Every structure is written in structure tokens, then in C-alpha cells.
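Subject: Structure handover

Hello,

Here is the structure for you to look through. Please open it first, then read my notes below.

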2 protein chains.
Amino acid sequence: MSFKSDIEIAQETTPLKITEVAKNCGVDEKYIEQYGNYKAKIDYRMLKDLKDQPDGKLILVTAITPTPAGEGKTTTSVGLADGLRKIGKKAVVALREPSLGPVFGVKGGAAGGGYAQVVPMEDINLHFTGDFHAIGAANNLMAAMLDNHIQQGNALGIDVKQITWKRAVDMNDRQLRHIVDGLGGKAQGVPREDGFEITVASEIMAVLCLASDINDLKARLARMIVAYTYDGKPVTAHDLKAEGAMAALLKDALKPNLVQTLEHTPAFIHGGPFANIAHGCNSVTATRMALKMGDYAVTEAGFAADLGAEKFIDIKCRMAGLHPSAVVIVATVRALKYHGGVAKADLNNENLEALEKGLPNLLQHVDNVKNVYGLPCVVAINAFPTDTKAELDLVEKKCNELGVNVALSEVWAKGGEGGKALAEEVVRLCEQPNNFQFVYDADASIEQKLDTIVKKVYHGDGVVLTANAKKQAQQLTDLGFGNLPICMAKTQYSFSDDAALLGAPKGFTVTVRNLKVSAGAGFIVALTGDIMTMPGLPKVPSAEKIDVDENGKISGLF
Amino acid sequence: MSFKSDIEIAQETTPLKITEVAKNCGVDEKYIEQYGNYKAKIDYRMLKDLKDQPDGKLILVTAITPTPAGEGKTTTSVGLADGLRKIGKKAVVALREPSLGPVFGVKGGAAGGGYAQVVPMEDINLHFTGDFHAIGAANNLMAAMLDNHIQQGNALGIDVKQITWKRAVDMNDRQLRHIVDGLGGKAQGVPREDGFEITVASEIMAVLCLASDINDLKARLARMIVAYTYDGKPVTAHDLKAEGAMAALLKDALKPNLVQTLEHTPAFIHGGPFANIAHGCNSVTATRMALKMGDYAVTEAGFAADLGAEKFIDIKCRMAGLHPSAVVIVATVRALKYHGGVAKADLNNENLEALEKGLPNLLQHVDNVKNVYGLPCVVAINAFPTDTKAELDLVEKKCNELGVNVALSEVWAKGGEGGKALAEEVVRLCEQPNNFQFVYDADASIEQKLDTIVKKVYHGDGVVLTANAKKQAQQLTDLGFGNLPICMAKTQYSFSDDAALLGAPKGFTVTVRNLKVSAGAGFIVALTGDIMTMPGLPKVPSAEKIDVDENGKISGLF
């Protein structure tokens, strides 16, 4: 066991030059744009040039319903890719980029942990290659052009009370949630209620992550609805002639970033949309590159298998034509005991009764992956030193009853060596036939699609739409958006829409209160309650501990 | 004469790989961090390692009082460096980075023009290496930590009516000039009046540009005053424990960016503070690198020689221990006629009378440079096809009477070839002895320093402080800031504080209405009126014309 912090472990390793990493996974030099010695952007033209080259196997890493005990999805994804390399397979991992908000807030870094990390972790956590800044700039250019249009005469007849576009900063800043701007007199804009989102919640983040190339990017940007007119017609970015300049700002951000794991496995880290109001996956271009460069491409989705994996399948795979070969469901014994009702402080004690009570959460996710998504899966138990043999045996027994194997993952402590068992099982699963399928037919009505998700994935009794949501469903259908996939924005802490219902609850309905379209991203967001799109800083922000020495060496990230 | 647009000219040239450019000017490979193939950051450790290597000659490019006719300071700086190379000298140019605000607003690009440009101009104008985003993020982290401190109990007793720190976006967005934020209830911040500045107006921009290394950067960030307490005591970034995280965000932004001119002359482009509320020069680190890498380092200052050059000398040179060898004063015949009272539409016609009437503006700048700053100078006439021989002869005759030569600069049309005459004169001037001196003694009182600038540089009768400004001068002196240099924030369109007084006005006073300290940057800002720190977009923003094609090629920048 190591007692070193993540940043200490990361700074002890000697990474390969990124040109070496690229060469090792077959990226031709002409596609590489170095950002310093250890980061590179890979030109999206590579995908066009290699379109006839066969793809590797796509492996999705997802998890049980999250708890305060932590699961370690990113750590497992990194360790699995390293483990696949250890057993002689050509593996590449594709992950999301961290936002600055959590880095300075509570969470700290987001680049794996222990001996399963991507490096340079400091850069990945702080700006990286500037993608999020580009998204913020494009988002705020859109906002400035919109308000400027109104200020300069409002030829389009935009209703200032129906502006749906918000400004963005990549920062946890509650002070900007609700503002009134345009104050100060007639030369200073039009007074109106407004607010900021954190950059990762911008629709542009989702657009960038789903765009297949620069033309598709521009077309999606053009379709984004930023406001409605006095007579209720949508106003798009194209109406404001903004898509060209936004695409120009995003031309480099669209190129996936290549870094490496501590064990020099190639890692694409690109894009990081919210997993509630957006789909929560890294970019399509990064996943496609990982599939071209690896025989095995490991990727992750946000939150648990009911939310993140469902969106991965119904939104990302559907739009990009991706076909996963296997799924890893990450769980910890501690988290399962939490689902069984144990308080966070008592999770270190063996408790088979609570474990048995919490196991249905895992088993329902397993059942969904196998039987609803139709994909072979393995449960990865992210090992903790407090796990007992009796507890691990119980998890294994219950999973085996569903025909699913369990692999103990020790990648946090041992890196790829600790991921070999998981890697072996994943390779085996990838050879199995699978019945991959979407959860719903996109051509079904909005209400039908919602009902299908609630019944098939959440195992609830059905969806309930408020009167308001019903009206919105009709309006969106009338506007021609009825056949878009659904992006469910509900609590990640339960299968239901009530965060307090742990385990695998039964006998509930899910209430959808608001429906809105992200026309550029290409999905309908179904909100079951208020979703916070601008976090705040805690009493003692992580930022207070971050420092840099005279040689540029960062400390205090964890 | 060419009728191609700037971007067309720029895209026709084949740049050298940036590693070649660096090698050609003697930058050791170990200091280079590539950003793609044509941009690099140079590690500031190079300056420490080479501190015993002799510096080249420092040449400042400044200008007459700006007019709507345009002067071409950046174009002349680039062309002069190319011209120096053409006559066999080892020259490097150090310039400011453009802001996204003007790129999307009225101005278009800011990377020189015609055949005297720096490339890749698209990247330089759009994000470049992300420095301004880093500054914006550090600025907004500071703001979020400040408001979070108040929200979490306000242990420091910060008066919400005395918060001096503003948030920033790198965008022309008048809607954000005056806002009320923290609305929405007790969990959503503290309601207060607030506003945004454009990123280049952030004190952090000035701090980054004046910092000599990362320790100095951190010390300056720590000293920044962000608010005052209920009992009037300054609250600094250090009090909020923010300097470490801000410095971590800025660690790469502190490294100068290396690009090249169309003729492959090395160009450092780094930092771009406002020239009114800040000092308006590229970074000290970039200028120092240019001096190490070139026998001749060409740099520019903001606005005219009364504002930009004065701050270059009294703020930048004073803090960094720089000693210029020669000054180039850029003028156009058209602008001089404008100073002589000709309307913009009539500037193409020969008008010797108006020219003679406008010439005192140039001559007063020449006199200041020679006799107040004590530096040898040359007047560079940025040639226009409409200039007549009689007009050019008149300019030359009047300058010669002051012992100063005139060089016709044709760098816009001919590149370095058109800058050879100017280059020859600059080389000659660099061999002259000079009596370089600051305008004022920093230890004089604030009022004395202001009065000295007004009398010696502006040739006015003296400074007038409002009652409010007098009180502020006393407060700042009591707080220990009395010995800082002055950063004058007045109109750039006149020697006086009245933009309508063209030429070389006499018999005026300059009224200072507000004094505030930029304690991190290390100067006292003297405001003669309202200075706009958040521009707006025009009726038809340049952004509407910008586009990018499927290969990532940008159009519509000019």
C-alpha cells in the first residue's frame, strides 16, 4: 500500500515524450500537434484518412449508483487499459477532461488515482490544452452577439424574457447564478434577468463532444436555440450569424488530446459535458481515435449505469454509430454496504447483512447491462484494504447467479499489474456474441420514450409529466424535435428521482417537470427537478492549498 | 502594391517550423515547449541560465497621437525587425498579444499588416497559446474566492460596497458592464452591485507583464487589493489565500510565446495590458528574451509617445532595469493632416497647410523623446500611396530642424525590404550616446509626479486634483503606496485630457478625478475621466464574417 498522494506519485514518474506515445500507438507524425513535451492534439483529419482501417473493441466502464464512499470509475478505466497492456493487448483509454470548478472546489483532481493515473495530472487538471476556455469563449461570444443584437435594434424580435442562452465561466461561482445585467442606462445594454453556468454545462460542450467533424460541428452550432421571439419562434445561433466565429474559436478544441497513463498507455482526454443536463461522455472524435489506435478502447460514462451508460448508448452510440463489445461495472464493497443502510463512518467494518441488502443496486445495474442494453459485462470490485474475504465472496456469489463474473481490481495500489484479472475477463467478454440494443426507438413520442426509460432501466412504475411538461412535450413535437433522443436530468444517487431511495427501489414513479431541447447537441433534456448548473465553493476551497514553486512545480492538487 | 487581405497574405507564406526559428536565434532546445508546429512557449528558466550573457540593443517603437487615419505601429515594428535582418543584423521583435474583444468587434486582427505580419495570424488572434484565458481564470478564481469568503461568514469583515475586484471575460460585452449579482436567496451569494471587465483590463494582466519570474509573480498576485474592510483596511489576495492557486493557473502563461514574421524573424508575442488603466506593453520576460536572443530587440508601447512610451519608461524600464538605445516614432502624412484639421474623408488630397498645422504634434513627441526621455530617435513615415513628395519633404525638413532624421517605411507593401532605410538609421542611432532618464523621481509625492508628467510630457500648465482625488492621494500615501510610479489613464487622442484638442495644444490643465492603486502591478492609476474597461460590439460585429472550413482554415479575419 502506498501512502503517497496522487500528485506525488504522478510527479515521481518519468513520462515518455508524447511523440513516442503517439508513435507507439501508430499515430502518424503529420497528425501530431505538440503542446509541450507531454501533451498533443491529434488532427481530426486522421479519422478521415483512416476510415477504412478496422476499429478495435469498445469497452465501456460504468458503475453502481454513486455514494459518498466513492467508486473509482476513472481509476478503474485507466488501470484496465494498463492491465490490458500488461497481458499483451494493444489498449488505449479515452476519458473526459476535468473542469476547473471541482479542482478549486471540493473534489480536487480528476485524472485517476494512486498508480492508475493519467499524466501530466497537473496540466490535465489546470487548463490542459485550453479546450474548455475555447468553449467558454464561443459560449460568451454567442451571448455577446445575442445581447448586442437586441441593443442594436432587435430586428429578430427576441423576447428578452425568453432568452435561453446563458453566459459561462469554468469556475464554481454561486455569485453568478442569478444576476440582473444590462444595467446603467441606455448605452449599457438591456436590463434583464440572467445567469451564468459553469462551462461544462454549456450546450457547446455537448455539441463539441458529439460532433463528428468540423462541418458537423458548425451545423450543430448553427442549430442551437438561444432565445424565442415575442411570437414564440426559436432564434438560433445561425439567425445571429454566430456559428462561423464560434467554430473558428473551436477549431483546435475539436482535436482530441493525447496524453499517457503512468505506464505509458496512450490516453485520449477530450471533452467533459455534464452527466445530468448533457450526456456525460468524452468526445466522439476521441473515442473514434481510440478505436483506430487500439485493439481495445476503454472509455467511461458519467454517474451510474442507469444514467451515464444509458446516455452513452442511447445518445452517443446512436449518433456516432458506435457498438460496444463489453461493459465493466465498478463497485466497492463499502459503497454496497452504504446502499444497504450503513452510515459512512461505519463502512470499514464487515457487515454481510448490510452488504446483502445493498447488493440489489449492483445486481439491477448488471441485469440492465446484460438484458436491457444486451451487452456482456463484468463487475470490477475496486479493492479496499478493509474488504473481507466473506464480503468479496458474497458479491461474487450473487453476481455469478446472474451469469456474471467478478474481478478484483487493485489498480489504485498496483497499477496495470492490479488490473490483469479484470483485463483477462474483458478480453474474454469481447469474444462473446452480444445483443446490443438501444433502450427505446427514437421515433416514439417523447412521453413514450421517457416511460420506457423509467420502466426498463429504472424499474419504476412509469413516468409522470407535470401539466407544464406535457405542454412542453407538445411544443417540442410541434417544432419538429419529437424524434430526438432523451437526456434524462435526474438525481444520480438513486434509480428513482428521489436521492434518498438507495439500493434498488420499487413502486415509484419519476416526475418530469421540464422538457427543453438542446437542438445543437441533438437531444431533449428531461428535468425531474432543479439541476444546479453553477456549483459554489465550499467553506475551505481546495484552491487555498494549491501552490507552484519557482520551477513551475505544482503542489496541493490531489 | 498588393490588394490582398492580411489573412490572404499570411496564408500564402510557408512558415518555418518553430523549432527552426528558435534554433536560428539561439534558443536551446530544452527551453522550447511547442504548441503545434508554428508556436512555442519558451521556459523562463532560460533567462536565469543566460543571465551573464550580454543583452542586445533595445529599440522602442512608439507613435504620434492616434487618429482615425491609423498609424501602423505594430506593422512598423515587425517591418523594422525584418529590415534589420535584411541588412544583416540579428533582430528579434517583442509585441503584445491581441485580445479576442477587438477581433470580434471593430478592429479585426492585431498582428501587423500587409507584408509585415507575424504568423500564424489566425492563431495569434484567436486564443493563441491560451495566456489570456489563464489570466481570466485566475481573475475569476479570485472573484469566486472573495464572494465565497463573504458567503461563508465574512471573517475578514469585507465591506460589500467596497469590493474593487471585478470578474473578467475576454469579449466585448456591454451587457456585463453593470450588473447586480448574488440574487436568488440566501444560498446564492450576497446581492451587490458588480461588473465585468475585459480580461486585458484585469490587474493580473499587468502583473503577469511586469513579473520577472514566478516568485515575483506570486508576490505581486499576493499584494493585489481586492476590497476594503468596513473600517477601511485593504483586503489582499493573500488575505484570501488565493495567490498560490492563481500562480498555478498562470505558470504557463508566464512563459513568452515565440512565433515568426512572414520573413521568419523571431517574434515574441506575450501579454497585452490596457494602455490606459495599465501600462500597455508586452511582458518584461518577453522583452528580456528578445534582448538575449537578438543584437537588436524591437518592441512597441501602447498609444502615443506621451502615454505609452512614458509608461514604458517610467513603469516598465524602471521596474525591469531596461535601458533603451533608440526610439522610432511612427507617423503618417494622413494622420498629421488630420491633426491639422482635415476631415477624414479629405485626407487623400495634398494639403501642405494642414500638414504644417498638424506637424507640431509629431515635433512635440520628437522633442519629448530626445529631451525629456533623453533617447536618440528617428521618425518613421508609414508610407501611403497618396503621400506627395512635397508633403514628405516638409515632414523631413521640420524634423531635421530638431536634429532628427526621417525614414520612409514601406514595410506594409514590401516587408523587410521596405524597412531597410529605417533599419540603417536605427542601427546608427544605437551607436549614439544617450541620456536616458525617467520623467520623474518615484519618491516624489503623488501630486508632484502627476504635475511633472503634465508639464514635462504633455506641455500643459499643470495637474489639478479634484477634492476626491486629493483625499485618495492622502489615503494611498498613508497606506504606503506614495512612492509607486504613476499610470496615467487619460484620452489617447490628445496631449491633454480633452480628446478634441488635436496637434500640440497649449494652456491647458489636466484634471485627475480618481486615484487608485494597482498594488500587485505596482503603480498608481490616475484617472482623468471614465475609462471604459468593457467595450461593446458594433452594429455589425466582425464575428459575423469569420468562418472556418472543413480543414480548419480560417477566413474573415483581417
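Across the interface of domain 1 and domain 2 of chain A, eight residue pairs are in polar contact, with both residues at pLDDT 80 or more. A polar contact is a pair of N or O atoms within 3.5 Å; within protein, one must be able to donate a hydrogen and the other to accept it, and residues adjacent in sequence count only if both atoms are side-chain atoms. On the domain 1 side, helix 5 (100-104), helix 11 (284-293) and helix 12 (308-320) of chain A each give two or more residues. Helix 5 of chain A gives the largest share, four residues. By type, that side of domain 1 divides into 15 nonpolar, twelve polar and four charged residues. Here Ala, Val, Leu, Ile, Met, Phe, Trp, Tyr, Cys and Pro count as nonpolar, Asp, Glu, Lys and Arg as charged, and the others, Gly among them, as polar. Helices (H or I, at least four residues) and strands (E, at least two) are DSSP runs, numbered from the N terminus.

Some ground rules. This is a predicted model, where local features need pLDDT of at least 70, side-chain atom pairs count only at pLDDT 80 or more, and totals for chains, interfaces and linings use all residues. Residues are numbered from 1 along each chain as its sequence is written, chains are lettered from A and ligands numbered from 1 in the order in which they are written, and side-chain values use heavy atoms, leaving out hydrogens and water.

**The domains of chain A**

Domain 1 covers 6-128 + 253-431, domain 2 covers 131-241 and domain 3 covers 447-527. These bounds come from an automatic or database domain assignment. The centres of domains 1 and 2 of chain A, taken over C-alpha atoms, are 33 Å apart. In chain A, 31 residues of domain 1 are in contact (heavy atoms within 4.5 Å) with 21 residues of domain 2. About 2000 Å² is buried between these two domains, and carbon and sulfur atoms give 67% of it. Buried area is the accessible area (1.4 Å probe) that two parts lose on being put together, summed over both. A:Ala253, A:Leu254 and A:Phe274 lose the most area on the domain 1 side, together 23% of what that side buries.

**Salt bridges**

How many salt bridges cross the interface of domains 1 and 2 of chain A? The rule finds one. A salt bridge is a side-chain nitrogen of Lys or Arg within 4 Å of a carboxyl oxygen of Asp or Glu. A:Lys41 and A:Asp131 meet in a salt bridge at 2.6 Å, N to O. Over all chains, the structure holds 62.

A:Arg220 pairs with A:Asp216 at 3.0 Å. Both lie in helix 9 (residues 214-223) of chain A, four residues apart. A:Arg220 is buried at 8% relative accessibility, and A:Asp216 is buried at 19%. Buried means under 20% relative accessible area, exposed over 50%, partly exposed in between (1.4 Å probe, protein chains only).

In chain B, B:Arg318 and B:Asp314 form a salt bridge at 2.8 Å. B:Asp314 is buried, at 0%.

**Helix 17 of chain B**

Helix 17 spans residues 420-430, and its buried residues include B:Leu422, B:Val426 and B:Leu429. Among the elements covering them are strand 3 (57-63) and helix 4 (73-86) of chain B. B:Arg428 is partly exposed at 39%, whereas B:Glu425 is buried at 11%.

Best wishes
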